[in-house]
Amino acid sequence: MDLSFVIAVEVLYAVASLVLISAGLAVVFGMMKVINLAHGEFMMLGGYTTITAVGLGVNVFIAMLVIAPLVVGLIGLIVERLVIRHLYGRLVDTMLATWGLSLVFIGLATMIFGNTTTGISTPIPGFAVGDYQISGYNFFIIVVAVVLVIAMLAVLRGTRAGLIARGTMQRADMAAALGYSPDRIYMATFFCGSALSGLAGAVLAPLVGLVPTSGGAYIAKAFITVIAGGPSLIAGLLSSATSFGVVNQVFTFAISPVIGEVALLVAAVILLRLMPQGITGRFFKGKL
Amino acid sequence: MERSLGKDITATLIVSALLIWLLPMMVATYTLTVLVIYGMLGLSLGLIWGFGGILCFGQAAFFGLGAYTYAIAAINFGESTVPMLLAVLVPLIFAAVLGALMFYGRLTDVYLGVITLVVTLILFKFVNSTAGPQYVIGNARLGGYNGIPGFQTLNVPGNPDAYIWGDPYFYFCAVTLVIVFLLVTWLLRSSFGRVAIGIRENETRMALMGYDVAARKTVLFAIGAAIAGLAGALFANWGEIVTPGLFSLGQSAEIIIWCIVGGLGTRLGPILGAAGLAYLKFMLGQQSLIDNTLITGLILVLFVLFLPKGLVPAVAAPWKASFGRARRRPHARQRRKARHG
Amino acid sequence: MSLNRRDFLGRTAALTTTAMLPTAVFADGTIKLGSILDASGPFDAYGKPMDQAMRMAVSEINEAGGLLGRQVEVTAYDTQSDMALYSQYGQQLTRQDKVDVVHGGILSASREAIRQTMRKTKTLYFYNVLYEGGVCDRNIFINGVTPAQQVEALVPFAMKNSGKKVYILAADYNYGQITARWIQKFVADNGGEVVGTDFFPLDVSDFGSTIAKVQTAAPDLVIAPLVGGAHLSFFRQWAAAGMKDKIALASTTLGVGNEHKVLTPEEGNGIMCAYNYSQELDTPENAQFKEKWAAMFDGDQSMHEIAVSHYHGIKTWAEGVRKAGSLDRMAIIEALETGISIMGPGGKVTVDPKTHHAVLDVHLMEMQDQQMKVIETLPQRQPVDTQAVCDLSANPNDNTQYEIEI
Amino acid sequence: MAETVLETHGLTMRFGGVTASDNVNFSLKARELRCLIGPNGAGKSTFFKCVTGLLTPTEGQVFMRGQDVTGWQPHQIASLGVGIKTQTPNVMDALSVHENIWLSARRFHDAAEAKARTDTIIDRLALGGIARTELGQLAHGERQRVELGLVAVADPWLVLLDEPAAGMSAQDVDRMTEIIHELTRSAAVVIVEHDMQFIRSIAETVTVFHQGAVLMEDHVDHVMSDPTVRAVYLGKKA
């Protein structure tokens, strides 16, 4: 009984971390049809921002939830102005340019922070469930993911910005026709997407040893999750994160972490073969 | 594609003969050898991406597959001729199956990218976790992260003790590259190649003309994989060790960068891009002033922004323009966009 | 064809003239030491201090008047954590730079990538890293700790402090696999029981379900030969789950790259390990070593286990050259095979003539407040694992890495 | 009695809850020219896509020369000798006019024969002056003409054209009409169009679509004067 509870928490945690890892990428892809391959490095920068801020004496939660998203969001804004905006409508070129950017960020981080593994410890203690100890931080991650999804829904449904965003997702030229500058919309979107990446990187930082190349571990997973999710932003994110998270954890428990990872990847191949437009390309059409 | 095939072959032969003669005087042959091998790897992606429009994020998978096939077969057979053939055939068949799976499923651009990327990751993760003694093929331990060292390297067919290594190995690789280059030239001039270019330009239109687009893309994809596999086998012979790093995303990324920098839609671009950037990487390894990753990244960003067609077309463009054949595709794009809007 | 021939020739000529290899030109009479290390990329936490150790050892040798009256000149290549570059630079060092000795290689994969090249080109090679043991090749000398030296000491020490039921979490590659088997053997030898063994590829960083799985097996002790930055997260997640006070933890690798300085005291305290070197070793050699290091690298204190091994290796080689009185490879090998010793920051290091491995001190340690506190020193341990399979005085032409049957 | 080259039985296409094509029964004789008209969203294009294999119908069947081709891929249908032109210009922009047409001819003939046929078509369509120009550099009308050329060069016995006159100048339309008439000498032609002027100038029999179904099918003059049809169009326009 205790074990099944622990496993359930681990599965939920796996889904939540996939949602976090993918949210920034999903927002940018959903709104702008841009695949930001520097997404993993944005997360890495979020992690470093947090660690630096904590090192300067800032409260760890403020560092993770406020400073990291802001800093990475600003970096994203600069990147958008300097590089991405010249490449709108050229999907492959944007992917390549952001790939190049990811290498640049890795190089810069190496030069600034060095290649030694750094990290901070988790700010929440573990606790016991029956005979088992589980990490309290896992719950924190789950809560952050849930709040994030609810916040995204609320913004998209309830605000004017959300309305414009939904319009842009449906027909990019419509927003322009209604008098909203697509330039502004894209800037704002990229800021939000980058901030989300920064947030994810910051929140996950206490769990991993951070090195400048840490981003690479995230980007493939995020990329797969977003593409498999398909065109609907939130429904796609949730459905594919759930599928992959469950598959991954079940196989990890039953066999080993490697098989868990491979199972996730095989699931992705099968999924895309059956539904070339992603899960929400087939189901939940037209949902958010 | 205006010159005759004969002239093209002659030019290729003269230029490559000169290069094979001159280059060893300037750069050590073991460095040249790996540049030639990378050139072939670049060409393999340049063919399917530049002429077939298939952006494969996992070209390294075929490279690694070729190298591993060679290493495993060489350990089991104790000579190199059959392993070389297998190193071409195994990636060919693997790509044919994978290609059929993807192209008949009508997967395109991003989705295609994801699948090829995922397949590479799966191969990498699998090979990387084969350190245990239970992973054996014949006499060959797969070795996991450490890879497979100590296999039979290239020998004169029929005589396993007559090794081809050192300078002769460079000449062998260089001549192989020239042969592959000529085969690619011939392929692109054939109807198959022209149809492939047609498919790159407009898949729907080619299907509406009655071409089986999926079948043709599958074949082209498999040919690209075979070339990558050959490059992998040559690389295994050069390095005398194969490691899972050959399958890594980093390796795939480099191949794509070579093509972009060299120039897509040309045969020479990817080869020069590969050799040039690989050489740059070796040079950078001898300094520690600036981080090497940073430089590679900057090169890629700058090329995508300012020279998206790559070096070779950029150098060739002024010459072409004077004959009134310069492309003005952006115009066409704008026009089409205007209509759609 | 999209490129005309003249353009092509012109471009190629430009490329080749600007890209001429900068052939290293040294003054006559220097001794050339080739170094090949990952000074950048994911393994640079290991490689950078090793590079520093190498430069420090060489400058000490030169300050003392060099070897055979000649200065030692370093030719160093950064392999950027890329195995393909090892092949490349290995060739470059031996064929173009024609160095007298090569020191380097970090991961076992990198050693195997260049070992045959060194052998073929008759270039003396030193590999100075803690590793899984078993390499038997007269051209190579190895200064790192092997499992028999380390694990045999660590296992009873850790079991004594915890209990008999052991769970192994190992990195999934050659080193981890072989070390795990050694741990299994020594646990059994000490009357314990291994209740589970799991392997993790080097890029796995999520250990949540593993930690739950370990708990279902309820061991007294977890031994973790985990490697690299991703695996470091295991120790964080273990602490975050509150496991630290429930189940004891030991590692054969943690601290080799100064990881204990990255973990907080709460995460690291009490983890047991056994190495040849700790910064906290209280010996005059170590104090002097640390002082010199700080002076040479602006107060830096990043020396660690394998940096010190590397330092030992270079000092051993220098001793061999002095004893041989020549730069001839065979003369040096024979001089080293007399079983010469040096005193280094990690204690006395002696060449074992049969295996070309090292006889050295192993220190049992416990992490305490980001330090590796030395509990006990086991002096002059033999590399018995490799000795069981390798005898170079009987088979001088052996060229294998044995996997020791346990 | 001429042979029936294209026939659909109860062709239905649903997208989620929307029925875009509703139980369409359609038949076309050899060398017949037929226009499909209807307001936007009437289901003409869906019907066209189902017939050409770009979509697989939810229900019903498509027959070509008596063969059931339901669910076939576009390239299989094209291989039967069916020429297809989609709504948006669908050409190879980076290739020259000659190369575009040659690729189409090469599908059914060897390289030399394909070249000969390409040259003939280029002459017939008066494209000689721009034969070596890349498609991307051509004006819209020229591109449409080239696309018709690459349909014609394959000698189809059935030609399916989706809005061939869209966005063209009057002069271009005249030329287009001529080419289409020439095509009907050997092929049956189906044209989806809503440019009434163009339809009047070219069509005899017209099939009117409304809300996914066939509203009526008659001679163009009768259709134009039919009050229901007018209501449908005007209703939409209002």
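For chain C, an unreviewed UniProt entry lists residues 30-369 as "domain: Leucine-binding protein". In the predicted model, the chain over residues 30-369 of chain C is 43% helix and 21% strand, and the end C-alpha atoms of this stretch are 45 Å apart. At the level of whole chains, five pairs touch, and the most contacts among them are between chains B and C. Chain C does not touch chain D, the nearest C-alpha atoms of the two being 14 Å apart.

Within chain A, helix α1 (residues 2-32) packs against helix α10 (residues 233-254). The angle between the two helices of chain A is about 140 degrees, and their axes are 8 Å apart. The crossing of α1(A) and α10(A) is right-handed. On the side of α1(A), the contact involves Ile7(A), Glu10(A), Val11(A), Ala14(A), Val15(A), Leu18(A), Val19(A), Ser22(A), Ala23(A), Ala26(A), Val27(A) and Gly30(A). These meet residues of α10(A) including Leu233(A), Leu237(A), Leu238(A), Ala241(A), Phe244(A), Val246(A) and Phe253(A). By class, the contact of α1(A) with α10(A) comprises 16 nonpolar, six polar and one charged residues. As a general point, an α-helix has 3.6 residues a turn, so residues three or four places apart point the same way.

In chain B, helix α10 comprises residues 249-262. At 1.5 Å a residue, the 14 residues of this helix of chain B should span 20 Å, which agrees with the distance of 20 Å between its end C-alpha atoms. Of the 14 residues of α10(B), 12 are buried, so the helix is largely enclosed by the rest of the structure. The buried residues are Gln251(B), Ser252(B), Ala253(B), Glu254(B), Ile255(B), Ile256(B), Ile257(B), Trp258(B), Cys259(B), Ile260(B), Val261(B) and Gly262(B). After α10(B) comes Gly263(B), which has a positive phi, near 125 degrees.

A further glycine of chain B, Gly224(B), lies in helix α9 (residues 213-239). Gly224(B) counts as buried because it has 28 C-beta neighbours inside 10 Å, where 20 or more are required. When residues up to four places away in sequence are not counted, Gly224(B) touches Ser44(B), Leu45(B), Leu47(B) and Ile48(B). Gly224(B) is also 9.8 Å from Val184(B), C-alpha to C-alpha, with the two 40 residues apart in sequence.

Methods:
Residues numbered from 1 in each chain as written. Chains lettered and ligands numbered in written order. Predicted model: local features only at pLDDT ≥ 70, side-chain atom pairs only at ≥ 80, totals over all residues. Axes fitted to C-alpha atoms, helices over the stretch in contact; angles between N-to-C directions. Helix = DSSP H or I, 4+ residues; strand = E, 2+ residues; numbered from the N terminus. Left-handed = near helix turned anticlockwise from the far one by under 90°. Contact = placed C-beta atoms within 7 Å. Nonpolar A, V, L, I, M, F, W, Y, C, P; charged D, E, K, R; others polar. Expected span 1.5 Å × (residues − 1). UniProt positions renumbered as here; feature names shortened; annotations may be inferred.
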